[in-house]
Amino acid sequence: MSWDSMSNLRPVLAVLVSLIASGSIFVLGEHVHRNVREAITFIAAFLKAAIVYSMVPVIVAGGTIEYSLFKIVEGVDFSFRVDAAGMVFACVASTLWILTSIYSVGYMRGHDEKNQTGYYASFALCLSATIGLCFAANLLTFFIFFEVLTVATYPLVVHYRDDEGKQSGRKYLAYTLISGQIFFAGIVIIYALTGTLDFKAGGFLTAKEIPMPWALVLFFMLVGAGIVKAGVMPLHSWLPAAMVAPTPVSALLHAVAVVKAGAFCTLRIVLYVFGPTLAKSCHGADILAWMAVFTILLSSFIAIKKDNLKARLAFSTVGQLSYIILGICVLTPFSTAGAIYHIVAHAFMKITLFMCAGAIFVTTHKKNISEMVGIGRRMPITMGAFTIASCAMAGFPFFVGFVSKANIIMGTISMGEPLFAATLVVSALLALTYLMPVVLISFKKEPVNAEFTTYGEASKAMLIPLMITAAISILLGIAPNLGLHLYDLALMAGNQIFGTIGVGL
Amino acid sequence: MKNVPILIVLLPLCAALLSLALSKIRLHLGRDVIITAIGGSLVLSVYQLNRVIEEGPIRYGFGNYKMPYGIEFSVDAVGALIVILVCLMGLITCLFCINFEGNTDPTKIGGAYSLLALLVTGMIGMTSTGDMFNLYVFLEITSLSAYCLIALGGSRGIVAAFRYLLIGTVAATFYLLGVGILYASTGTLNMADMAFLLKKGGHDQAMLVSMCLFIAAFGIKMAMFPFHGWQPSAYTHAEAGARPLIAGVMGKIPAYAMFRYMFCIYGTGFVYFKQFLLILGVFSVIGMFYGSIRAMAQTDIRKLLAYSSIAQISYISLGFAIGNPLAIAGAFLHMFGHAFMKGGLFFCSGAIKYKYGTVDMNDFGRIYKKMPLTAGLIVIASLSMIGIPPTVGFFSKWYLAFGAASAHSYVYIAALVISSLLNAVYFFKLLEKVYMAKDEQLVDRAPRRHGELPVTMVLPIIICFLAILLLGIFNVKIVDILLMTVRGVAL
């Protein structure tokens, strides 16, 4: 095999690496020492990241990497195509897998969890599916990975195997499987109507093929699966329920893979299947944008009322993901770039927050914010990271959240939608209202909380990842293009979709 | 190698006839001969498929009689694939049965294996034959051996077998009546000749009546709603070792016969063709819902699987009802997939029964720790039942749904979607039991030092596991072969 075809094989390898890891953890997990088992995860995580990073230069230079494996059904190939948008998400997911794995080892051992083999195996499978759907070249390939992700997440949600977990698991399945099956029906109908399923920047459907009322129905059949996973209200309630799982799972759900896969699905459907023209003319994008606005505001208000830290963060995710949906549905190059970059931004901010919450839980067994008075005295580094992530969440300049929000707001203003812009500004203030009290309470001087007088951080395996992600939240805020050129890639994706060249207003 | 089609039938038939006598000589000699014979048939059937792919359908005349007068075997691409399926499932079921022998009475052991071999013979014959009356003969061989195998399952098995016998005889009679009516109006029993004569027209009334009879006859035999009454108790109480073959394959062969009558013999030119498709579609849709809803209420895993079969067999008849090539190919793909899913799940339930003596799902708590391999197959087969990619269940559903979308039958797509979700309800209930319920501390009846199960049980489980995944991922290869036949006859 020549070097060229080998290098085109990279997207397949990126998927396979963690698939093989998952399989070997499943088979070997109970028979080898746990350090060996974790070593499999780390080797796969680093290999995967290396493979994904190695594709960045090609994509930044404006190329694509395509590879078609075989026919998966009559007329449709099982094929991969790496483009700018997929690259951004893949970079985020593969980077965060390394960090979450380090953190998982600290958390799972620190907390002495059961069923760790199943946990690591499912985690690796989730990552395989995520990278697969980043690089999928057509709707069917995408759907296969999307469903694998749904199923592979289920064992993680029900990790504790108790009644509460079972209930959340059922809720999760009900939401995702129903929307997934409707998605399936939509794909079948599109294929029957058009005879193609290949993603194309700017969409491949036209109003001629699908008359108006059906276009809207089809739009929501397809986009439904995405917005359920992304937790757009009123379809969000599985996400807070899934909080029963261990904290690293929440990190996976909220930051690395699952909800992002939902947002990414929406991106693919709206801009690569329907395209801006049809999405606009069938009013699907408008309706979705208003749903997102509604979600952003409502979820922030709910978050303010939650005393459980993880629940508060969960509702914050619901709101933040709707930024991405809104950015997509505004249908401008800038807002799209902002939306794609918000996948990056939110991932780093939210994973920091969750890792902090987990670290607090493992060291002090505190879940509720009201019990965390003065905890900054005991865990200054953790709470420092929490503060950084909170500022980023609120969209302060020089934090990563600012970059994406500014882009989305520029997009909304250029479309003449001041109301959307206002929503984003208001929600930034709301984010401050629900995250800053946590910071303030934890660093309160008086009264001194007897529980937290001495210094005592979580183990290094938990501390280091959260310091790294907090640092990245600042670094990417100052230099959005640092390292992997993620901002350029996001802009590139926006320009490819709308056929515009150049940056600037 | 001209005689391959008949050799495939003769090998298990001869072995079945010899089995009893051989068992008298040495206890397991009969069994070993039968396993070898079915293995031989499997090899030959693969060879036969290759020949069909290269040279087109095989027609084999018995005793060199000229064609419409003699009996003939005619094997097309679909038939050749089904013969492989029957041989493979027959083989692994025989292997599986080794663990359920229970006693050392040579007549009983030899007899039970010869019944299995006869069941395989009958099913291969029904698939291969090109003669309408010959099909009846093989139908009866299949049925009679199935009655006996069901009756071997203890006292409740006898009751179930008797019910099946009554209604099965009605089915056979219906079939014979239908053949008689067609024979009276055309004067031929050869399928190809019949198709040729019917296309000339002028037999519409006779065709209408006999089609009604055929649908009822094959509907009963394949346990399609609303003819399914005998099926749940028969599948539940059949002999534990033989259950995978009975539940996994036996219902599929009449479905193939129904396909041949509707599409190959009657053909799309039949005046009432569309009406029959509609009737079949209505039965299928109701059957999907009915089977799944009844399955939800079961706690006995065998009953759950039996009711789920009613729903799954409806997928196959739904494919016929849609009628375009891809939908029919999807129906056949589902036939193969479902044989391994349902067969596999019955292997699992058999293995659990063998080890812990229970069939009640409430006792399955955390069984995955003790039987990881079995639990793995339960997971993959359940996901395939629901239709999660990349298992075969997803792809057969894709072809069915795509066929329905091309025919603008959006109701069928909705039915498929709802049916998948209903499947999800009870299969995830099963998975919850296996993975999450409280450990019941069951006593291991067959403790082993290495591995969870004997090798003859592990092998069928692994074969089903791989088949579900490989048939899914490489479904295009199968579908291409199926389309060779299906394209010529479908709408």
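User: Which residues of α5(B) are met by α4(B)?
Analyst: The model is predicted: local features need pLDDT of at least 70, side-chain atom pairs count only at pLDDT 80 or more, and totals for chains, interfaces and linings use all residues; side-chain values use heavy atoms, with hydrogens and water left out. Residues are numbered from 1 along each chain as its sequence is written, while chains are lettered from A and ligands numbered from 1 in the order in which they are written. Helices are DSSP runs numbered from the N terminus (H or I, at least four residues; for strands, E, at least two). By contact (heavy atoms within 4.5 Å), Ala112(B), Leu115(B), Leu116(B), Leu118(B), Leu119(B), Thr121(B), Gly122(B), Met123(B), Gly125(B) and Met126(B) in α4(B) meet these in α5(B): Leu135(B), Phe138(B), Leu139(B), Ile141(B), Thr142(B), Ser145(B), Ala146(B), Cys148(B) and Leu149(B).

User: How do the residues of the contact of α4(B) with α5(B) divide into classes?
Analyst: Ala, Val, Leu, Ile, Met, Phe, Trp, Tyr, Cys and Pro count as nonpolar, Asp, Glu, Lys and Arg as charged, and the others, including Gly, as polar. On that basis the contact of α4(B) with α5(B) holds 14 nonpolar, 5 polar and no charged residues.

User: Are α4(B) and α5(B) roughly parallel or roughly antiparallel?
Analyst: α4(B) covers residues 106-128 and α5(B) residues 132-151, and they pack at about 150° with their axes 8 Å apart. Axes are lines fitted to C-alpha atoms, for helices over the stretch in contact, and angles run from 0 to 180 degrees between N-to-C directions. Under 35 degrees counts as roughly parallel, over 145 as roughly antiparallel, 65 to 115 as roughly perpendicular, and the rest as oblique. Therefore α4(B) and α5(B) are roughly antiparallel.

User: Is the crossing of α4(B) and α5(B) left-handed or right-handed?
Analyst: A crossing is left-handed if the near helix is turned anticlockwise from the far one by less than a right angle, and right-handed if clockwise. The crossing of α4(B) and α5(B) is left-handed.

User: How is α11(B) placed relative to α13(B), roughly parallel or roughly antiparallel?
Analyst: The axes of α11(B) (residues 252-266) and α13(B) (residues 301-322) come within 11 Å and cross at roughly 10°. That makes the two helices, α11(B) and α13(B), roughly parallel.

User: Which residues of α13(B) meet α11(B)?
Analyst: The contact of α11(B) with α13(B) has 6 nonpolar residues, no polar ones and 1 charged. From α11(B) come Lys252(B), Ala255(B), Phe259(B) and Phe263(B), which meet, in α13(B), Ile313(B), Ile316(B) and Phe320(B).

User: Which residues touch the most other members of the largest nonpolar core?
Analyst: A nonpolar core is a set of buried Ala, Val, Leu, Ile, Met, Phe, Trp, Tyr and Cys residues joined through side-chain atoms within 4.5 Å. Buried means under 20% relative accessible area, exposed over 50%, and partly exposed in between (1.4 Å probe, protein chains only). The largest core has 401 residues, and those touching the most other members are Phe183(A), Tyr175(B), Phe332(B) and Trp398(B).

User: Which helix gives this core its largest share?
Analyst: The largest share is 21 residues. They come from residues 333-364 of chain A, helix α14.

User: Which residues does Phe332(B) touch?
Analyst: Phe332(B) is among the residues with the most core neighbours. Not counting residues up to four places away in sequence, Phe332(B) touches Val78(B), Ile82(B), Tyr256(B), Phe259(B), Phe320(B), Leu482(B) and Val486(B).

User: Is Ala223(B) buried or exposed?
Analyst: Ala223(B) is found in the loop between α8 (204-222) and α9 (231-237) of chain B. Its phi is near 60°, a positive value in a residue other than glycine. Most residues other than glycine have a negative phi, and most peptide bonds are trans. With a relative accessible area of 1%, Ala223(B) is buried.

User: Is Phe398(A) buried or exposed?
Analyst: Phe398(A) also has a positive phi, about 70°, although it is not a glycine. Phe398(A) is in the loop between α16 (380-394) and α17 (400-414) of chain A. At 57% relative accessibility, Phe398(A) counts as exposed.

User: What is omega for the peptide bond from Met233(A) to Pro234(A)?
Analyst: Pro234(A) lies in the loop between α8 (212-229) and α9 (238-241) of chain A. The bond from Met233(A) to Pro234(A) is cis, with omega near 5°.

User: Which residues is Ser406(B) in contact with?
Analyst: Ser406(B) is in helix α17 (residues 392-406) of chain B. At a relative accessible area of 36%, Ser406(B) is partly exposed. Leaving aside neighbours within four places in sequence, Ser406(B) is in contact with Ala192(A) and Asn324(B).
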